[in-house]
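Please study the sequence and the structure first, and then work through each solution step by step.

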Amino acid sequence: MSYTSKLPASWNDEQPHRKVVIDLSLPGLAVFELERLLFTGKAIISHADEVWPRLYIGDQHSAENRADLYKHLFTHVLNAAHSKRRGQPGIYEEMNITYIGIEAHDSCNNDMSINFQAAADFIHRGLSTGGKVLVHCHVGVSRSVNLVLAYLMLKQKLTLVEAICAVKDNRGVIPNRGFLRQLIKLDKQLFGKHH
């Protein structure tokens, strides 16, 4: 299965076609295999990286730095590490950026799958109106990545392995094991046991 076939034509043309086959029917083994796949990703972490056309994964800095927000011309921000105490940063209103905050802890016991559909709908709305979407958490390697992978599966019809391949070549990411298990479950719901 070569994952690049589902990517938009102009996107990352230099990526070679590679076959990545991982059997997700045994979740324990699958988590280990997915982690190995993730470790082959891009190593350098910058504040925000484009992982799909006009869709970025970033950290807290990229979401709060006015110069970064202007530079990228973000229209939508999804914060996967929202806290009621801090609330919505006021700069988004000034900059006419649509914001959504999801309270989530980066722990294996945290069920983020309850947010998959809402997050995917938000990202989809932003991209389908020609906007630029930033999905961020604290560091931008686990919670935000989990929601972006779910979006790619729900709205772009990528399998989990294809979604990971699309993201990892553009940003070094490693969702925690609990999150990977939730994504394996979503993959089964969407695509059946085997692809």
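**Exercise 1.** How many of the 9 residues of helix α7 (residues 160-168) are buried?

*Solution.* Two remarks on the source come first. The model is predicted, so local features need pLDDT of at least 70 and side-chain atom pairs count only at pLDDT 80 or more, while totals for chains, interfaces and linings use all residues. Residues are numbered from 1 along each chain as its sequence is written, and side-chain values use heavy atoms, with hydrogens and water left out.

Step 1. Helices (H or I, at least four residues) and strands (E, at least two) are DSSP runs, numbered from the N terminus.

Step 2. Apply them: the buried residues of α7 are Leu160, Val161, Glu162, Ala163, Ile164, Cys165, Ala166, Val167 and Lys168.

Step 3. Conclude: 9 of the 9 residues of α7 are buried, so the helix is largely enclosed by the rest of the structure.

Step 4. Identify the cover: it includes α1 (27-38), β1 (48-52), β2, α6 and α8. In the protein as a whole, buried residues make up 53% of the 195 residues.

**Exercise 2.** Determine how helices α6 and α8 are oriented to each other.

*Solution.* Step 1. Two packed helices are described by the angle between their axes and the distance between the axes. Axes are lines fitted to C-alpha atoms, for helices over the stretch in contact, and angles run from 0 to 180 degrees between N-to-C directions.

Step 1. The axes of α6 (residues 143-154) and α8 (residues 177-191) come within 11 Å and cross at roughly 5°.

Step 2. Angles under 35 degrees count as roughly parallel, over 145 as roughly antiparallel, 65 to 115 as roughly perpendicular and the rest as oblique. Helices α6 and α8 are therefore roughly parallel to each other.

Step 3. Contact means heavy atoms within 4.5 Å. On the α6 side, Arg143, Asn146, Leu149, Ala150, Met153 and Leu154 take part, and they meet Phe179, Gln182, Leu183, Leu186, Asp187, Leu190 and Phe191 in α8. These residues divide into 9 nonpolar, 2 polar and 2 charged (Ala, Val, Leu, Ile, Met, Phe, Trp, Tyr, Cys and Pro count as nonpolar, Asp, Glu, Lys and Arg as charged, and the others, Gly among them, as polar).

**Exercise 3.** Classify the 2 aromatic pairs of the structure.

*Solution.* Step 1. Rings of Phe, Tyr and Trp (its six-membered ring) pair if their centres lie within 6.5 Å; planes under 30 degrees apart count as stacked, over 60 as edge-to-face and the rest as tilted.

Step 1. Tyr56 and Phe74 lie 5.1 Å apart, centre to centre, with 85° between the planes, and this pair is edge-to-face. Tyr56 belongs to strand β2 (residues 55-58) and Phe74 to the loop between α3 (66-72) and β3 (76-79), so the pair ties together parts that are 18 residues apart in sequence. Both Tyr56 and Phe74 are buried.

Step 2. The ring centres of Tyr92 and Tyr99 are 5.3 Å apart and the planes stand at 20°, so this pair is stacked. Tyr92 is buried, with a relative accessible area of 0%, and Tyr99 counts as buried at 14%.

**Exercise 4.** Is Leu73 buried or exposed?

*Solution.* Step 1. Leu73 is found in the loop between α3 and β3, and its phi is near 55°, a positive value in a residue other than glycine.

Step 1. At 59% relative accessibility, Leu73 counts as exposed.

Key:
Buried means under 20% relative accessible area, exposed over 50%, partly exposed in between (1.4 Å probe, protein chains only).
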